[in-house]
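This briefing is for a reader who is new to the structure shown below. Please keep the sequence and the model at hand while going through the points.

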Amino acid sequence: MTDRIDTAPPAPPAPPHPCRICGAATEEFLDLGRQPLSDAFPARTPVADEFFYRLRVARCTACTMVQLVDEVPRERMFHEDYPYYSSGSAVMREHFARTAGGFLASELARDGAFAVEIGCNDGVMLRTVGEAGVRHLGFEPSRKVAEVARAAGVRVRGDFFEEATAADVRRAEGPADVIYAANTICHIPYLESVFRGVDALLAPDGVFVFEDPYFGDVVEKTSFDQIYDEHFYLFTARSVHALAERFGFELVDVRRLPVHGGEIRYTLARPGTRRPSPAVGELLAHEEERRLAAPDTLRGFADAVAAVRDDLLALLTRLRDEGRTVVAYGATAKSATVANYCGIGPDLVSFVCDTTPAKQGRLTPGTHIPVRPAEAFADPYPDCALLFAWNHADEIMAKETGFREAGGRWIRYVPEVRVD
Ligand SMILES: [Zn+2]
């Protein structure tokens, strides 16, 4: 038997990761470490076979698109048990009812109009369209949420939206006047196929409307928890403008939305079919002025992220050492990034309460903090509550007035760590 000594030189550094949109070189500016799937809640401990990946973020040196370096296979995220239900929040239900109302009063007002939604989830938007008697179809590959949509009378196709499936719908049902997507387009690395699908399905004068978290808000609020496996892209007006152009469309409107911690609704149309609103030029100029895509801005953002981690971990460690009880509020996908990046486990936070039955009785991804029903929060109230669902703060504060009255304190970390 011979001893084998590996004398091979270390592998050369990997070449720069090419941009998923335009193929140009990218530059990494943030590393959030080893992360689990943000919506995979293990059933019990010890947890076997948990999937981890490295959460690194880069910016394209040409089209400026902010994107993840590593891609998680889509079937690992959007599957039968995908536990996010868009109807879970009253604010979001109202937001989508308003969105549907806007379409019904404009693009969908004519006879025979047809609306398609990419990632319709539990049908929270299309329900209103269907109730108005308007033709519609939602694409939703996550089976259980799709079943909820169907039960509400929404027509659902259980596929991913891509060139082949969209062309199929066009053949069978004709062109769509509106193709809409909420918190979906930023989830999809293979956007070229999605745009080919939009091109195949959209009527000549139709609109492709999508809304996703705004990278400008992420930087401004240091809300790095917007970065997780499902959010493959973090859009800006500039990067979406370039994206639209690259795939044969034109960005004709942008609208800031106060939901999910700050989003933008982008409206795209075929070039020359609609006059772009002044808001597009204004936002592009504003991003240029604040140097949103500049390397020094991104370095500053990465420094601010590290400071939040250090402050939050120091605070939670001090509270534990003082014998205070701390629980977390909202087992959100976002919170997986925070908990895993900062190293917040059951030693610092006793449990997380959440209203989603599919998460209750399970453990948080990666850090394995038990998830309990919302009622556990008041039984008895903890000394402090870490507000993971900070984007629903107003709704939660209105619901949990008893906690403050009992002397409880909220811990927040957006835009910086504070107790109030
Ligand atoms: Zn690019």
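Cys-22 has a relative accessible area of 24%, so it is partly exposed. The model is a predicted one.

- Helix α5 covers residues 163–173, and Thr-165, Ala-166, Ala-167 and Val-169 are buried in it.
- The cover over these buried residues includes the strands β4 (114–118), β5 (135–139) and β6 (156–157), together with helix α6 (191–201).
- The axes of α5 and α6 are 7 Å apart, and the two helices pack at an angle of about 10°. Angles under 35 degrees count as roughly parallel, so α5 is roughly parallel to α6.
- On the α5 side, the contact is made by Glu-163, Ala-166, Ala-167, Val-169 and Arg-170; on the α6 side, by Ser-193, Arg-196, Gly-197, Ala-200 and Leu-201.
- By class, the residues of the contact of α5 with α6 are five nonpolar, two polar and three charged.
- Ala-166, Ala-167 and Val-169 are buried residues of α5 and also take part in the contact with α6.

**Other helix pairs**

Two packed helices are described by the angle between their axes and the distance between the axes.

- Helix α10 (residues 295–321) and helix α11 (residues 333–342) have axes that come within 10 Å and cross at roughly 75°. This angle makes α10 roughly perpendicular to α11.
- In this pair, Val-305, Ala-306, Arg-309, Leu-312 and Leu-313 of α10 meet Val-338, Tyr-341 and Cys-342 of α11.
- The contact of α10 with α11 has seven nonpolar residues, no polar residues and one charged residue.
- Helix α8 (residues 237–246) and helix α9 (residues 278–289) have axes that cross at roughly 125° and come within 9 Å. This angle makes α8 oblique to α9.
- Here Ala-237, Arg-238 and His-241 of α8 meet Leu-283, Leu-284, Glu-287 and Glu-288 of α9.
- The contact of α8 with α9 divides by class into three nonpolar, one polar and three charged residues.

**The loop between β14 and β15**

- Pro-380 is in the loop between β14 and β15, and the peptide bond from Asp-379 to Pro-380 is cis, with omega near -10°.
- Tyr-381 is in the loop between β14 (371–373) and β15 (384–387).
- The relative accessibility of Tyr-381 is 28%, so this residue counts as partly exposed.
- Leaving out residues up to four places away in sequence, Tyr-381 touches Glu-400, Gly-402, Phe-403 and Ala-406.
- Tyr-381 and Ala-406 are 25 residues apart along the chain, and their C-alpha atoms are separated by 7.6 Å.

**Further backbone features**

Most residues other than glycine have a negative phi, and most peptide bonds are trans.

- The peptide bond from Val-414 to Pro-415 is cis, with omega near 0°. Pro-415 is in the loop between β16 (409–412) and β17 (418–419).
- Thr-222 has a phi near 50°, a positive value in a residue other than glycine. Thr-222 is in the loop between α7 (215–221) and β9 (233–234).
- Thr-222 has a relative accessible area of 8% and is therefore buried.
- Arg-291 has a phi near 55°, a positive value in a residue other than glycine. The place of Arg-291 is the loop between α9 and α10.
- With a relative accessible area of 44%, Arg-291 is partly exposed.

How values were computed
Residues numbered from 1 in each chain as written. Predicted model: local features only at pLDDT ≥ 70, side-chain atom pairs only at ≥ 80, totals over all residues. Heavy atoms only, no water. Buried < 20%, exposed > 50% of the residue type's maximum accessible area, 1.4 Å probe, protein only. Helix = DSSP H or I, 4+ residues; strand = E, 2+ residues; numbered from the N terminus. Contact = heavy atoms within 4.5 Å. Axes fitted to C-alpha atoms, helices over the stretch in contact; angles between N-to-C directions. Parallel < 35°, antiparallel > 145°, perpendicular 65-115°, else oblique. Nonpolar A, V, L, I, M, F, W, Y, C, P; charged D, E, K, R; others polar.
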